[in-house]
Amino acid sequence: MEENMEDSQSQKGCKECCERCVGSLPWASLIATILLYMGVALFCGCSHEALSGTVTILQNYFEVIRAPGDTVDVFTIIDILKYIIYGLAAGFFILGVLLLVEGFFTTGAIRELYGEFKISACGRCLTAFLMCVAYLFFLLWLGVTAFTSLPVFMFFNVWSMCQNTSLVEGANLCLDLRQFGAVTINAERKLCTNTKKFTSMCESNELDLTFHLFVCALAGAGAAVIAMVHFLMALAANWGYLKDASRMQKYEDIKSKEEQELHDIHSTRSKERLNAYT
């Protein structure tokens, strides 16, 4: 009988411990962190490989070569974009960790209702600072998403030209890199539909793979934008909870102080009455 009671108590204790652990998790920040990491990883990986595929297409089919010396050309810009991708990946990784840790601390303070650090002035300032940082990164990522849509539009035009030439016989369309700013105005790099290079480019895997990689990168950027919006919603909710908790704590402190003063007044009067009788 005693063993059954001990087993039931241990099972009850494990159940309460699991419920406490699950209830103390910041699910909003956790979901936003997972979505942010998935979106950033998809964007960075696909963008890096798509830029490498773009270099291959420019060299093999448009015969674009690197400019000698320190001249800035399309290949230099692609290399700079790759380094920017590395920086974005590192920055958003650190940001995701900070926001997730803040979510854990805030959720713990809310579960305890009146925590010590998070509802203090320093804790509220930290939450407000992270909210501003998340908003700046949200604007930055909106710009990245808009910029990612440009190569998708360019490769979609090329893919449409490939489809149109296969459907319409005798069509003579030309693709000029000067329209996209890939080369200077003086450097003429045209590729017309009646050439073998254009046909081989349309039939190659580089064009199709690069186009779909840019589409996946755009999807990853969109997922990261949704994650940043989710983070902003969670931070705004945490800020409101912490502000209300701080006000409630001040109210409880004032209430306890008044009760202590009333208790002191009653005890003083009782002593005065006792002295008067004696």
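Reader: How many helices and strands does the secondary structure of the protein chain come to?

Author: This is a predicted model, in which local features need pLDDT of at least 70, side-chain atom pairs count only at pLDDT 80 or more, and totals for chains, interfaces and linings use all residues. Residues are numbered from 1 along each chain as its sequence is written, and side-chain values use heavy atoms, with hydrogens and water left out. Helices (H or I, at least four residues) and strands (E, at least two) are DSSP runs, numbered from the N terminus. Along the sequence the pattern reads α-α-α-α-β-β-α-α, and the totals are six helices and two strands.

Reader: What percentage of the residues of the protein chain count as buried?

Author: A residue is buried under 20% relative accessible area, exposed over 50% and partly exposed in between, with a 1.4 Å probe and protein chains only. Of the 278 residues of the protein chain, the buried share is 33%.

Reader: Which cysteines form the disulfide?

Author: A disulfide is a pair of cysteine sulfur atoms within 2.5 Å, and the structure holds one. The two sulfur atoms are 2.0 Å apart, and the cysteines concerned are Cys-162 and Cys-202.

Reader: Why does the pair of Cys-162 and Cys-202 tie together separate parts of the sequence, and how many residues apart are they?

Author: Cys-162 is buried at 9% relative accessibility, whereas Cys-202 is partly exposed at 26%. The link is left-handed, with -70° about the S-S bond. Because Cys-162 lies in helix α4 (residues 121-167) and Cys-202 in helix α5, the pair ties together parts whose separation in sequence is 40 residues.

Reader: Which cysteine sulfur is nearest to that of Cys-44, and how far away is it?

Author: Cys-44 counts as buried, at 11% relative accessibility. Cys-44 is in no disulfide; the nearest cysteine sulfur is that of Cys-46, at 9.7 Å.

Reader: Which residue meets Lys-197 in a salt bridge?

Author: A salt bridge is a side-chain nitrogen of Lys or Arg within 4 Å of a carboxyl oxygen of Asp or Glu, and the count comes to two. For Lys-197, the N to O distance is 2.1 Å and the partner is Glu-63. The pair links distant parts of the chain, 134 residues apart: Lys-197 is in helix α5 (residues 196-203), and in the loop between α2 (27-60) and α3 (74-112) is Glu-63.

Reader: Is Glu-63 buried, exposed or partly exposed?

Author: Phi of Glu-63 is near 55°, a positive value in a residue other than glycine. Its salt-bridge partner Lys-197 is partly exposed at 30% relative accessibility. With a relative accessible area of 46%, Glu-63 is also partly exposed.

Reader: Which residue meets Arg-66 in a salt bridge?

Author: The side chains are 3.4 Å apart, N to O, and the partner is Asp-79. Arg-66 is in the loop between α2 and α3, and 13 residues away is Asp-79, in helix α3. Arg-66 is partly exposed at 43% relative accessible area, as is, at 29%, Asp-79.

Reader: What is the area of the nonpolar surface patch that includes Phe-105?

Author: Patches are made of residues with over 30% relative accessible area and no salt bridge, like charges being joined within 9 Å and nonpolar side chains (Val, Leu, Ile, Met, Phe, Trp, Tyr) within 5 Å. Accessible areas come from the Shrake-Rupley method with a 1.4 Å probe, and for residues only the protein chains shown count as cover. Phe-105 lies in helix α3 and is exposed at 53% relative accessibility. Together with Phe-93, Ile-94, Val-97, Leu-98 and Val-101, Phe-105 makes a patch of about 570 Å².
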